[in-house]
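The following dialogue shows how selected features of a protein model may be read. Please consult the sequence and the structure below.

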Amino acid sequence: MTELLFRDDAYLKTTTARVVAVRDGKVELDRTIFYPLGGGQPGDTGFLIRDNGTRIAVADTRKGETPGAVAHVLAAGESLPEPGESVGLEIDWDRRYALMRLHTALHVMSCVVIAPVTGGNIAPDKARLDFDIDITLLDADRIAQGTNELIARGVATETVWITDEELDARPELVKTMSVQPPRGAGRVRLLKIPDIDLQPCGGTHVANIAEIGGIRVLRIRNEGKRNKRVEIALAG
Ligand SMILES: [Zn+2]
């Protein structure tokens, strides 16, 4: 198991950790600030820093082979740290913060477009949600305006944990048909944006939706019978 520090504090940019295992160019640590690919949010990039100052580039972060483990995927040709070694951790904060702003923006947008979500993806420069909806009901200006009006409320986000049983009793919380919330650990993490959104999510979000600033709709596209895609970027 890797202790997931980003779950309680998404704003940690650096920390230290101990190397638990190294195999196939992947490093497992006892704890991490690197978010592993999941829920449409890409894995973090950054550096592991050895005591002698050597900076080892992390090209990607994935879930590990064992449940709860995180694999830090090293860039090709990097030197490998030793199990038991202490290392510094540093994430590419500009990239992660853009992902956090766009990720949280998708939560807000999902409350403006009222339809089942059939897919989604986040990149540092743009993000998208796919909806099961008649495409004639999707208007770029109205989506941007409605989303930006909610963002302007400037409310703080909250992390809420509920049990699997509580989630089962409230199926309306699960908007996303393509990504089922992680179960099995007995409890599920929710992102709450008071009076706007509440849904299961394990990703990283901004502390206050005002940090998103605003969004613009890049395009709306038909990606199939049940996939009408709305792609957005940060306004500024
Ligand atoms: Zn989320």
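This is a predicted model: local features need pLDDT of at least 70, side-chain atom pairs count only at pLDDT 80 or more; totals for chains, interfaces and linings use all residues.

Q: How many helices and strands does the protein chain have?
A: Helices (H or I, at least four residues) and strands (E, at least two) are DSSP runs, numbered from the N terminus. The protein chain has four helices and 15 strands. Its radius of gyration, taken over C-alpha atoms, is 19 Å, close to the 18 Å given for 236 residues by the globule rule (2.2 Å times the number of residues to the power 0.38), so the chain is as compact as a globular protein of that length. Along the principal axes, the C-alpha atoms fill a box of roughly 60 × 40 × 35 Å.

Q: What share of the contacts joins residues at least 24 apart in sequence?
A: Contact means heavy atoms within 4.5 Å. Among contacts between residues at least 6 apart in sequence, 63% join residues at least 24 apart.

Q: Which strands form the closed barrel?
A: Two strands pair if DSSP finds at least two bridges between them. The barrel is closed by six strands in the order E2-E3-E7-E6-E5-E8, with antiparallel pairing. Its neighbouring strands are turned by 45° against each other on average, direction ignored; for such angles, axes are lines fitted to C-alpha atoms, for helices over the stretch in contact, and angles run from 0 to 180 degrees between N-to-C directions. The loop between E5 and E6 holds Gly-53.

Q: Which strands stand at the edges of the open sheet?
A: The open sheet has three strands in the order E11-E12-E13, paired antiparallel. E11 (158-163) and E13 (197-200) are the edge strands, each with a single partner, so one side of each is left without a neighbour in the sheet. Neighbouring strands here are turned by 30° against each other on average, direction ignored. Helix H2 (residues 93-109) packs on this sheet, touching E12 and E13, and its direction makes about 80° with that of E12.

Q: Which residues coordinate the zinc ion?
A: Donors are N, O and S atoms within 2.8 Å of the metal (3.2 Å for Na, K and Ca); water is not among the atoms, so sites may look incomplete. Here the zinc ion is coordinated by His-103 (NE2), His-107 (NE2), Cys-201 (SG) and His-205 (NE2), at 2.0 to 2.1 Å. The spacing of these donor residues in sequence is H-x3-H-x93-C-x3-H.

Q: What is the geometry of the zinc site?
A: Four donors count as tetrahedral if all angles lie between 85 and 135 degrees. The angles among the four donor atoms are 101 to 123°, and the site is tetrahedral.

Q: Are Cys-201 and His-205 buried or exposed?
A: Buried means under 20% relative accessible area, exposed over 50%, and partly exposed in between (1.4 Å probe, protein chains only). Cys-201 counts as buried because its relative accessibility is 14%, and His-205 counts as buried at 7%.

Technical notes:
Residues are numbered from 1 along each chain as its sequence is written. Side-chain values use heavy atoms; hydrogens and water are left out. Four donors count as tetrahedral if all angles lie between 85 and 135 degrees; four count as square planar and six as octahedral if opposite donors are over 155 degrees apart and all others between 65 and 115; anything else is irregular.
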